[in-house]
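Thanks for making the time, everyone.

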Amino acid sequence: MKRILITYAIKEEFNPVYPEGLNIRYVITGVGKAKSAMKLTRVIMEYQPDFVINIGTAGTLSHQVNDLFLCNHFIDRDYQSTKLPGIEYEIKDTTQNNILLNHWLAEAEKTGVCNTGDTFVTEISAFQGNVIDMEAYAQALVCKEFQTPFLAVKYVTDIIGQNSVKHWEDKLKDAREALTQWIEEKLRNI
């Protein structure tokens, strides 16, 4: 039986579901790269999952509120901005050829790059990526180190520069419903 680990930053983003016959563990990581990486590292060492799915909300510059993105390409915007030699700031193809995760990516309406940093972005700046969050890159890095396939599912709650914090708060309920429905559907078909 596959061991599935599903992470999310705060309880308002997601409602865990428990389909029969699946070995699933849920972890609330907290907000930000450091807290998220620490919690995920501990759980991967204890649980040794077959793969990790990160569920959460995100902002965007060029897409629509309510879009749902599957991501397996991540950028750390904090490190990217320094452009120091030898500092890794981009991770690609995090599914590690996992058949199930690649199938989900192939059937997804929207796939893209997740840009991660330790600040809640409220002003338009130059970003590379489709969605912007605060945890996914750190989790992708931990999974890479443990050779654990990883996929992030991000629900767009706000357009950067358009009252982002207020829109994020207003869209949390919609995000929770959409992300929970996505997981229920995917887990039902494993």
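This is a predicted model: local features need pLDDT of at least 70, side-chain atom pairs count only at pLDDT 80 or more; totals for chains, interfaces and linings use all residues.

Let me begin with cysteine 114, which counts as buried because its relative accessibility is 0%, where buried means under 20% relative accessible area, exposed means over 50%, and partly exposed is in between, all with a 1.4 Å probe and protein chains only. Residues are numbered from 1 along each chain as its sequence is written, and side-chain values use heavy atoms, with hydrogens and water left out.

Back to the cysteines. The closest cysteine sulfur to that of cysteine 114 belongs to cysteine 71, at 5.0 Å, which is too far for a bond. Cysteine 71 is likewise buried, at 0% relative accessibility. The structure holds zero disulfides, a disulfide being a pair of cysteine sulfur atoms within 2.5 Å.

A word on confidence, for which we have pLDDT, the predictor's confidence in each residue on a scale from 0 to 100. The protein averages 91, and 95% of the residues score at least 70.

Now to the charged side chains. A search of the whole structure finds 10 salt bridges, each defined as a side-chain nitrogen of Lys or Arg within 4 Å of a carboxyl oxygen of Asp or Glu. One of them joins lysine 33 and aspartate 76, at 2.9 Å from N to O. Because lysine 33 lies in helix H1 (residues 33–47) and aspartate 76 in strand E4, this pair ties together parts that are 43 residues apart in sequence. Both partners are buried, lysine 33 with a relative accessible area of 11% and aspartate 76 at 1% relative accessibility.

Lysine 33 also meets aspartate 78 in a salt bridge, at 2.7 Å from N to O. That pair again links distant parts of the chain, with aspartate 78 in helix H2 and lysine 33 in helix H1, 45 residues apart. Aspartate 78 counts as partly exposed, at 27% relative accessibility. Taken together, Lys33, Asp76 and Asp78 are linked in a network of salt bridges.

What else does the side chain of aspartate 76 reach? It comes to 3.1 Å from the backbone nitrogen of tyrosine 79, and its pairing with the side chain of lysine 33 also qualifies as a polar contact, that is, a pair of N or O atoms within 3.5 Å, where within protein one must be able to donate a hydrogen and the other to accept it, and residues adjacent in sequence count only if both atoms are side-chain atoms.

Another salt bridge is formed by aspartate 67 and lysine 110, whose closest N and O atoms are 4.0 Å apart. Aspartate 67 is in the loop between strand E3 (51–60) and E4, and lysine 110 in the loop between H3 and strand E6 (111–116), 43 residues apart. Aspartate 67 is buried, with a relative accessible area of 12%, whereas lysine 110 counts as partly exposed, at 26% relative accessibility.

That brings me to H3 itself, which covers residues 99–107 and in which Leu100, Leu101, Trp104 and Leu105 are buried. Viewed down the axis, these buried residues fall within an arc of 140°, so they line one face of the helix; the arc is that of the directions from the helix axis to the C-beta atoms. On the face turned away from that buried side are the exposed residues Ile99 and Ala106. At the N-terminal end, asparagine 98 caps H3, with a side-chain oxygen 3.1 Å from the backbone nitrogen of leucine 100.

Key
Helices (H or I, at least four residues) and strands (E, at least two) are DSSP runs, numbered from the N terminus.
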